[in-house]
Amino acid sequence: MTWQSLYRRYRPRRFVDVRGQDHVVTALRNAVRDARVSHAYLFSGPRGTGKTTCARIVAKALNCERPVDGEPCLECDSCVAIEAGASYDLHELDAASNNGVDAVRDLITRAAMGTPGRAKVYILDEVHMLSTPASNALLKTLEEPPEHVVFVLATTDPQKVLSTIRSRTQHYEFDLIGADVMAAHVRWVAADAGLEIDGTVVDHVVRVGGGSARDTLSALDQVLAAGGIIDRAGGLDDLVAALVGRDPGAALGAVHEAVRSGRDPRVLAERLVARMRDAFLASVGVPLDHLPDADRARVAHLVDGAERPFLTRAIEVLGATLVDMRQAADARITLEAALVRLADPTADTSTSALLDRIERLERALAAGGGAPPSGDTTTPGPTAAV
Ligand SMILES: [Zn+2]
């Protein structure tokens, strides 16, 4: 048997197999069962959360010869043909690579023709990438859809879809999958595939996957192929500690150590900004369901040690740095310059850096038993330790 990636092998085939999107799959299955399927759906959500997978299940369920309670049987000729990618009832267009008006016109012409099954399903992936003429052509069809046609528009960015198109669809939002649900899924996949993996691997792939089933199972494939965890962003904890401790030397040391062991500065920067963002969310009371327990503990530790202005400034500075790193001849130097500015706010005269210094000053004064500062605190005295 040729090797098939876990993501493909364990792609959900029925609604009941879809993880973490209960509100969507229940509604879709009931609509199929009760013959209340809409002519146009908009599925939005982050990549790898099941949008096109659910669209394909809709196509199977609508054309299945022996559907059971809104689910496809997976055995009839229609189900088999759709799963083999050989059915005339399912058409997919990737708007990211095919965004012109000709591609949409071609699709609409075919949509207007008859069909051997009961329903023709057209999936337009990344529909926000359609050109304006293509969007307008699609809108015309959505205004008067052919009787037997169902459009499923999928997008990671629903705000960029024409509002006139959005308003003609039933909109379902797909969520990132929570860490607990994903960890259970990974354990189930491993058991079903006869793989022995320990809790460290489960935590690792759930973290790398970031709530996307596709990315999580791809990470598991990589661990299996490599024979163990290769953490390309190792050294993150040391780097975070150096920044919180306002120690530029230690921050540069952590980068040096990470790069020396073969880690990519860009990946390190991405993970760092994600950690800071998680800490900021936690500091305002947002639950971090997408993180494994070990990471949640790390974030809680960071929230204890860092003031909120520092976190917001870190997110700003590192976000801009990630953009700069894409253009930079040496991404590591760009990252190091940003880390020095973050670790040593006196090297940075931006407003957010000054706010960060004021916050630290206020805390120092409060901790020293002095009266909390009031009024104008933008001119700290010469002896203030900031
Ligand atoms: Zn069937």
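Domain bounds here come from an automatic or database domain assignment.

**Entry 1, ground rules.** I am working on a predicted model, in which local features need pLDDT of at least 70 and side-chain atom pairs count only at pLDDT 80 or more, while totals for chains, interfaces and linings use all residues. Residues are numbered from 1 along each chain as its sequence is written, and side-chain values use heavy atoms, with hydrogens and water left out.

I looked up the assignment and found domain 1 (6–173), domain 2 (179–226) and domain 3 (236–362). Taken over C-alpha atoms, the centres of domain 1 and domain 3 are 41 Å apart.

I noted the pocket criterion: on a 1 Å grid over the protein atoms alone, a pocket is an open set of points where a 1.4 Å probe fits, with protein on both sides within 12 Å along at least five of seven lines, and lining residues have an atom within 4 Å of a point. Volume is the space filled by probe spheres set on the points, which are joined across faces, edges and corners. The largest pocket holds about 1100 Å³. I counted 36 residues in its lining, with R207, V208, G209, G210 and R271 nearest the centre. Domain 2 and domain 3 each give at least three residues to this lining.

Helices are DSSP runs (H or I, at least four residues), numbered from the N terminus. At least two lining residues come from each of α9 (199–209), α10 (213–226), α13 (265–283) and α14 (293–305). α13 has the largest share, nine residues. I sorted the lining into 17 nonpolar, seven polar and 12 charged residues, with Asp, Glu, Lys and Arg as charged and Gly among the polar ones.

I took axes as lines fitted to C-alpha atoms over the stretch in contact, with angles from 0 to 180 degrees between N-to-C directions. α13 and α15 pack at about 155 degrees, axes 9 Å apart. α13 is therefore roughly antiparallel to α15 (angles over 145 degrees count as such). α15 (308–327) and α17 (351–367) also pack at about 155 degrees, with axes 9 Å apart, so this pair is roughly antiparallel. α13 passes α15 in a left-handed crossing, and α15 passes α17 in a left-handed crossing (the near helix is turned anticlockwise from the far one by less than a right angle).

Definitions and conventions
Parallel < 35°, antiparallel > 145°, perpendicular 65-115°, else oblique.
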